[in-house]
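I opened the model to take notes. Confidence comes before anything else.

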Amino acid sequence: MTALRKTQIALTSKAAPFAIRAERAADVAMREALLDASFGENRHGRTCQRLRDGRAPATGLALAAVHEGKLVGTVRLWHVSAGGRPALVLGPLAVDPACRELGIGAALMHQALAAARARGHAAVILLGDAPYYARFGFSAEKTAELSLPGPFERGRLLALEFTEGALDGASGMIVPTGAVLPKRRAARALQAHAA
């Protein structure tokens, strides 16, 4: 009888140098510092912020990227009505400049979009750089008749449909529809922004 020979397989670690997980309450200060560093302190006055103020992100759609125990990336999605059509607005997406070569932004986008699709959402809208977001399927094709509650560049209003036709004929103002934060929590969020 011939003895079976055991083949040794060399296992190499190909683990990503970062992990993406659900955002935690303990992430708030680090997230706010990262957003301030990425977008400047005037970020609270930007048009898309009006869709987020006083609202909670969509359930399960606030993600954090962590590298060596530090929060290095964030993305959140929010419920909106896009001219009467239910959708999500994505943003802000931010990555620590020291970690931009690790693919964290793309990984956050892929995971956020997969989670939104898995939760049954029909469309995602964002205001951003068209060439960057085109690789994820975003375009201005369905947003020509939509507007935001403030100034914006038309070519930067982009959308991605998970359900074909979800934004067909959508026109009018994009307005927030997500859960309203309790007043105490909203006040704490404003204090964190001011700090």
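I checked confidence: the chain has a mean pLDDT of 88, where pLDDT is the predictor's confidence in each residue, from 0 to 100. Of its residues, 86% reach 70 or more. Residues 190–195 have pLDDT below 50, and I found 3 contacts in the model for this stretch beyond near neighbours in sequence (contact: heavy atoms within 4.5 Å). Residues 1–15 stay under 50 in pLDDT, with 0 contacts beyond four places in sequence. Where pLDDT is low, predicted coordinates should not be read in detail.

I noted the conventions. This is a predicted model, so local features need pLDDT of at least 70, side-chain atom pairs count only at pLDDT 80 or more, and totals for chains, interfaces and linings use all residues. Numbering starts from 1 along each chain as its sequence is written, and side-chain values use heavy atoms, with hydrogens and water left out.

Next I listed the elements. The chain has 4 helices and 9 strands, taken as DSSP runs (helices H or I, at least four residues; strands E, at least two) numbered from the N terminus. Their order from the N terminus is β-α-β-β-β-β-α-β-α-β-β-β-α.

I looked up burial. Of 195 residues, 41% are buried (under 20% relative accessible area, 1.4 Å probe, protein chains only).

Last, I looked at Glu23. Glu23 sits in the loop between strand E1 (19–22) and helix H1 (28–39). Its side chain makes a polar contact of 3.1 Å with that of Arg76 (N or O atoms within 3.5 Å, one able to donate a hydrogen and the other to accept it; residues adjacent in sequence count only if both atoms are side-chain atoms). Beyond four places in sequence, Glu23 has contacts including Arg31, Ala62 and Thr74.

Conventions:
Buried < 20%, exposed > 50% of the residue type's maximum accessible area, 1.4 Å probe, protein only.
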